Amino acid sequence: MNTSEALLAPPQKAFRLIKELTHEEIGENHLSTGIETPLKPDAFALSNTEKKEMIAELFAQIMDVMGLDLNDDSLRGTPKRVAKMYIDEIFAGLDPANKPVTALFDNSYQYNQMLVEKDITLHSHCEHHFVPIIGNAHVAYISSGKVIGLSKLNRIVQYYAARPQVQERLTQQIGMELQKVLNTKDVAVIIDAKHMCVSIRGVKDTASSTVTTFYEGAFKDQEKINQLHNHIYR
Ligand SMILES: Nc1nc2c(ncn2[C@@H]2O[C@H](COP(=O)(O)OP(=O)(O)OP(=O)(O)O)[C@@H](O)[C@H]2O)c(=O)[nH]1
Ligand SMILES: [Zn+2]
């Protein structure tokens, strides 16, 4: 395999948590809720390999228009690197085949208080400028009889973060997915993140961050919210 083939090769299966869905199923899922990422009906007509090939060609054109010399040693591989990064890494959450498979366990220990997974590292990208959003997510739920492996909470956050996003929609997508997977309304999500589109360009405010919340079910209660905040911010 030469370098360019290697760059375009699909990621190794062993590193992907894949639930194979047909693209028809995926289309239905995407169209059924108002908070889904806006996708074209034919969003999955191209394979990921074809998408990478096209993005590499188009990104080379952008660089060329900017006057960059694509024969330069350092720049030559950039179009393929960007394509690979978009499809396999930072926007891999656009592909529902990458959705984490969440195994549920019986809540045999009868734990009926809130479980909080706090300070989950959050890396996303703003859909308006395609620059990073960097911060933390805190998620909480109260078991309705089933519990989820802790790492799956982080994986669900990472999956929805790996899309061009606005923070409000990201917060709701995570919250609603947790409600579905855990079969409970009692879910909370808090995201606190810095938007590079606010800090490195435009208004150039490096101090501000953006907080969004999803408080549903038992988490609509102020006492529960206070309890949650005590766990997170103490
Ligand atoms: N609501 C929301 N807005 C966001 C998010 N990420 C970025 N934005 C904002 O999206 C807006 C885009 O505004 P525009 O006026 O179309 O773009 P712009 O001219 O680049 O705006 P400036 O950033 O003010 O220079 C900006 O105010 C961004 O700060 C997000 O997650 N949620
Ligand atoms: Zn932005």
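**Entry 1: contacts and overall make-up.** I began with the contacts in the chain between residues at least 6 apart in sequence, and found that 70% of them join residues at least 24 apart. A reminder to myself: this is a predicted model. I then checked the secondary structure and found eight helices and seven strands in the chain. Buried residues come to 26% of the 234 residues.

Entry 2: Next I turned to UniProt, where an unreviewed entry places the feature "domain: GTP cyclohydrolase I" at residues 56-226. I looked at how this span is built: 35% is helix and 27% is strand. Its end C-alpha atoms lie 49 Å apart.

Entry 3: In what order do the strands of the open sheet of five run? I read off 5-2-3-6-7, with mixed pairing. At the edges I found strand 5 (164-165) and strand 7 (210-215), each of which pairs on one side only.

I went through the pairings one at a time.

- Strand 2 (residues 114-126) and strand 3 (residues 132-142) run antiparallel and are joined by 10 bridges. I noted two of the partners: Glu117 is bridged to Val139 in strand 3, and Ser124 is bridged to Ile133 in strand 3.
- Strand 3 also runs antiparallel to strand 6 (residues 187-195), with nine bridges between them. Here I found Gly135 opposite Ala193 of strand 6, and Ala140 opposite Ala188 of strand 6.
- Strand 2 and strand 5 pair in the parallel sense, over two bridges. In this pair, Cys126 faces Gln165 of strand 5.

I also looked at the turn of the hairpin that strand 2 and strand 3 form, which has five residues between the strands. Phe130 in that turn has a positive phi of about 60°.

**Entry 4: the annotated binding site.** Which residues does the UniProt annotation "binding site" cover? The unreviewed entry lists Cys126, His129 and Cys197. They are spread over 72 residues of sequence, yet they cluster in space, with a largest C-alpha distance of 7.5 Å.

Cys126 belongs to strand 2. Leaving aside neighbours within four places in sequence, I found Cys126 in contact with Val131, Ile133, Gln165, His195 and Cys197.

His129 sits in the loop between strand 2 and strand 3. It is partly exposed too, with 15 other C-beta atoms within 10 Å.

**Entry 5: around ligand 1.** I then listed what surrounds ligand 1: Cys126, His128, Val166, Gln167, Glu168, His195, Cys197, Val198, Gly202 and Val203. By type, I sorted the residues of this shell into five nonpolar, four polar and one charged. Which helices each supply at least two residues of the shell? I found helix 6 (167-182) and helix 7 (196-199).

Entry 6: I picked out Ile200, which is in the loop between helix 7 and strand 7.

**Entry 7: helix 4.** My last stop was helix 4 (residues 78-90), which has 13 residues. Its end C-alpha atoms are only 15 Å apart, short of the 18 Å that a straight helix would reach at 1.5 Å a residue. Which residues of helix 4 are buried? I wrote down Pro79, Lys80, Ala83, Lys84, Tyr86, Ile87 and Asp88.

Definitions and conventions
Residues numbered from 1 in each chain as written. Chains lettered and ligands numbered in written order. Predicted model: local features only at pLDDT ≥ 70, side-chain atom pairs only at ≥ 80, totals over all residues. Near = placed C-beta within 6 Å. Helix = DSSP H or I, 4+ residues; strand = E, 2+ residues; numbered from the N terminus. Nonpolar A, V, L, I, M, F, W, Y, C, P; charged D, E, K, R; others polar. UniProt positions renumbered as here; feature names shortened; annotations may be inferred. Expected span 1.5 Å × (residues − 1). Buried ≥ 20, exposed ≤ 12 C-beta atoms within 10 Å, placed from the backbone. Pairing = 2+ DSSP bridges. Contact = placed C-beta atoms within 7 Å.
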